[in-house]
Amino acid sequence: MRAPYTDAEYVCSPIVSGAARPSDRPTRAEIDLHALTHNYGEVTRRIGGRKVLAVVKAQAYGHGAVPVARHLAGLGAHMFGVALVEEGSNLRDAGITTPILVIGPVFPEQAEALVGANLTPVVYTLPVAKALSDAAGNAGKAVPVHVKIDTGMGRIGVSPEEAVQFIETISKFPGIVVEGLMTHFADADLRDKKFATNQLDRFEALIGSLDKKGITIPLRHAANSAAVLEYDRALLTMVRPGLMLYGYDPLESGAAADVRPVLSLVTRIAYIKKVPAGVPISYGRTFVTKRESLIATIPIGYADGYSRGLSNRGEAIVRDKRVPVAGRVCMDMTMLDVTEVPGVAAGDEAVLIGSSGNERITADDIAAKTGTIAYEVLCGISGRVPRIIKQVQS
Ligand SMILES: *Cc1c(COP(=O)(O)O)cnc(C)c1O
């Protein structure tokens, strides 16, 4: 069984307002800061003395951005990456002073808020650069920016061919300081690095052209987790890992990344009933007992991010035994067939992601059953699930 925890070992992250002391709701995402430390160490071990921009967008992939960023700042992360201005502002409000790159699109109307919160934008259009320059002027400060180059992702960014001129132009805008140059891989997770190599070639050719003009941009970065793990040539001067910090490996090759899942999703059995054979369970009666059965109800459902795609497919670990989801996952509740768990009782813990005894369920396992990726499983755990931070023992 999992080690019992005492409330004293945990504090709630402020991801949900009105959040509850740990004991108030049994459904919780437990965040293991030891694992986060380990995974951060795995990043730094692989990159020599290069800088780390830790990606904490989308509430640190569902783990809770504030406690994760605080912890990583303590470990020496040089920069954080968020998707939205609001995400960056939330970190500032929580007292995080580390530089924060807003890696998603910014609109001209957001320039003032962005500059006000001392965030670093990614730029690739003149109107946004102009709005940032104006906002910087009004605030009486300079704003550092990173220029995004689209070398093949096809999402946002200036093309390499237009980049030199773009950079020369915005460098003349008052208050704009081009501090970073970045690109993003479309498929660095594949074993075949041909396309990634082509992207990197284009990026490096641009760096060469800038050099010739005497323009040196100090922070040059491209590597997501996949590249950190399997593509050394892309490490440049800074790396941008997300997923691997949270203990998952995006690689097709499944190469031996030494990372440990940080998040466990757990709840407790609210109700148990013994029913005869032939009894339907949950909406649509898609599960009917074949034998006399013990059916447990757990207080978690798709509104918590436990996918309805796990109906009759998901599993939980109860008393160190794997048990199947019985019938459809509801909005707030799910049933488990616990017939084969000796001694099972209401109040027992049910682990939906995590390990217990010799059993383990990962976000990858869930993703395989629901046709998605660990990223979506993790950041899909909804805001109403309290994030409980397991403190680092000193
Ligand atoms: C999300 C993101 C990352 C992190 O990717 P992982 O695969 O989670 O390591 C890095 N860079 C950019 C631009 C991103 O959007």
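1. The largest pocket first: about 760 Å³ of space lies in it. Here a pocket is an open set of points on a 1 Å grid over the protein atoms alone, with protein on both sides within 12 Å along at least five of seven lines. Grid points are joined across faces, edges and corners, and a volume is the space filled by probe spheres set on the points.

2. A quick caveat: this is a predicted model, with local features needing pLDDT of at least 70 and side-chain atom pairs counted only at pLDDT 80 or more, while totals for chains, interfaces and linings use all residues. Residues are numbered from 1 along each chain as its sequence is written, and side-chain values use heavy atoms, with hydrogens and water left out.

3. What lines the pocket? There are 34 lining residues (an atom within 4 Å of a point), and Lys57, Tyr61, Arg155, His184 and Tyr375 lie nearest the centre. At least two residues each come from α2 (57–62), α9 (225–230) and α11 (374–379); helices are DSSP runs of H or I, at least four residues, numbered from the N terminus. By class, 21 lining residues are nonpolar, five polar and eight charged. Watch the bookkeeping: Tyr and Cys count as nonpolar, and Gly as polar.

4. The ligand takes up the space of this largest pocket, on the criterion that more than half of its atoms lie within 2 Å of the grid points. Around the ligand are 13 residues, with Lys57, Tyr61, Ser225, Leu243 and Tyr375 coming nearest; a residue is near if one of its heavy atoms lies within 4 Å. This shell has six nonpolar, four polar and three charged residues.

5. Now the polar contacts (N or O pairs within 3.5 Å). The side chain of Tyr375 puts an N or O atom 2.6 Å from a ligand oxygen, and a backbone N or O atom of Gly242 is 2.8 Å from an oxygen of the ligand. With His184, a side-chain N or O atom sits 3.5 Å from a ligand nitrogen. On its own the ligand has 390 Å² of accessible area, and the protein covers 93% of that (Shrake-Rupley, 1.4 Å probe).

6. Finally, there is one cavity of 30 Å³ or more, a cavity being a set of points where a 1.4 Å probe fits but cannot get out. The largest cavity holds about 40 Å³. Its lining includes Leu181, Asp211, Thr216 and Arg220, and helix α8 (residues 194–212) gives the most, with three residues. By class, that lining is five nonpolar, one polar and two charged.

Methods. Polar contact = N/O pair within 3.5 Å; in protein donor to acceptor, adjacent residues only side chain to side chain.
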